[in-house]
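Here is a short report on how two protein chains meet. Look at the structure, then read on.

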Amino acid sequence: MAGVSQLQKQFVDYKASLFQEGVLDEQFDQLQGLQDESNPNFVVEVVSLFFQDSERLLNDLTKTLNQQGVDFKKVGANVHQLKGSSSSIGAQRVQRVCIAFRNYGEEHNIEGCLKSLQLVKHEYTIVKNKLETLFKLEQQILAAGGIVPR
Amino acid sequence: MEVMKSLSDVADSKQQQEQQQQQQHFHVLAVDDSVIDRKLLERLLKGSSYKVTCVDSGDEALKYLGLIDHDDQKPTDSSSLTSPYPQQSSSEQEGSKVINLIMTDYCMPGMSGYDLLKRVKGSSWKDIPVVVMSSENVPSRINMCLEEGAEEFLLKPLQISDLKKLQPYLLKTLDQPSSSIDSSNNLVVEEIGDDDHDGQSKINEEINKGSVMNNTNASSISKRKAVTTETSDRIPKMKGLVVA
């Protein structure tokens, strides 16, 4: 049992740190609240969709911004989508960068956009890694026969 | 299933029971281009025992409603119970399916939620309540939608508490279209108080009207979160906006 409670503490602390660092916000808790016996993997499912969708958007943005004549309308549309989805799962820092990104897009500021793209990729990688770590901890707790603390 | 309209105590509990049963058959058409938001919305709605059909665009929504002619019936990710497209021809909408509520995102590529709203309100589905959702808090946009007949404007991301706001509109559809709302349905109208002293937050006040309203669109703005506004950017009070 010592193993499980250690893991549980690790999980709680780690999760708390994500909120403290602003990587996640209250919306993530809302997702948690939607997970139950009928939807036991809801959070992982939504987050997986977010990962897939974000990678697609980031690839599109990279392509669009590296073209001769940048289509800022396309940039705006993609950033809007990324902003929306990150907001929907509580990926706060990603969402925040998207706001600045969108403004640069509206100003047709290529340099600003490129900087934002770099930043948003950075923040996305962070939230992806951290969420994957969090899910791994959950799996470890479950494998050890424990319950994941909420 | 007939809905009882008696107001006596005994009939009330029976009515509640029947309403609950009816609620389990409430069918919501959800329109959103974001796969994440569709999943969220579907989960939220199914959690309230509603049937959900998800489509990813205004065009798909119109097809589903039979308002566009379509040759190929390719389903989108409607992971819900009903099949996407009607069996009958597009002219027989009301007979082929029941929809109690349409929820649509505002910003979508192609047809916007506003465009969809207009199309719906100009069709035989005009009595179906339409709720518009957006991640952006833009007063002019909100006003535009409410004036076009949207029942409600919700800010994304939606939360469980937002679903409670949908109840009155769904219950309304239990009655015949032309009838008035039973006072026991407790129609909730939300007012935005124009009272941010420090320019920080708007407070929702829920007013329980309780009086009988004649099939008017009790449009309102729902704001779950604090809205930071400049003093020049206040949202005016909106109360029971009546749509002609």
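The contact (heavy atoms within 4.5 Å) draws 15 residues from chain B and 21 residues from chain A. Three residues of chain B stand out. I36(B), K39(B) and R43(B) give 39% of the area that chain B buries against chain A, more than any other three residues. Buried area is the accessible area (1.4 Å probe) that two parts lose on being put together, summed over both.

This is a predicted model: local features need pLDDT of at least 70, side-chain atom pairs need pLDDT 80 or more, and totals for chains, interfaces and linings use all residues. Residues are numbered from 1 along each chain as its sequence is written, chains are lettered from A in the order in which they are written, and side-chain values use heavy atoms, without hydrogens and water.

| Interface of chain B and chain A | Value |
|---|---|
| Buried area | about 1700 Å², 60% on carbon and sulfur atoms |
| Salt bridges | four salt bridges |

A salt bridge puts a side-chain nitrogen of Lys or Arg within 4 Å of a carboxyl oxygen of Asp or Glu. E45(A) and K39(B) form one, at 2.8 Å from N to O. Helix α2 (residues 35-47) of chain B supplies seven residues, the largest share of the side of chain B that touches chain A. Helices are DSSP runs (H or I, at least four residues).

What does L45(B) touch? Leaving out residues up to four places away in sequence, its partners are V28(B), Y50(B), V52(B), M103(B), L163(B) and L166(B).

Definitions and conventions. Helices (H or I, at least four residues) and strands (E, at least two) are DSSP runs, numbered from the N terminus.
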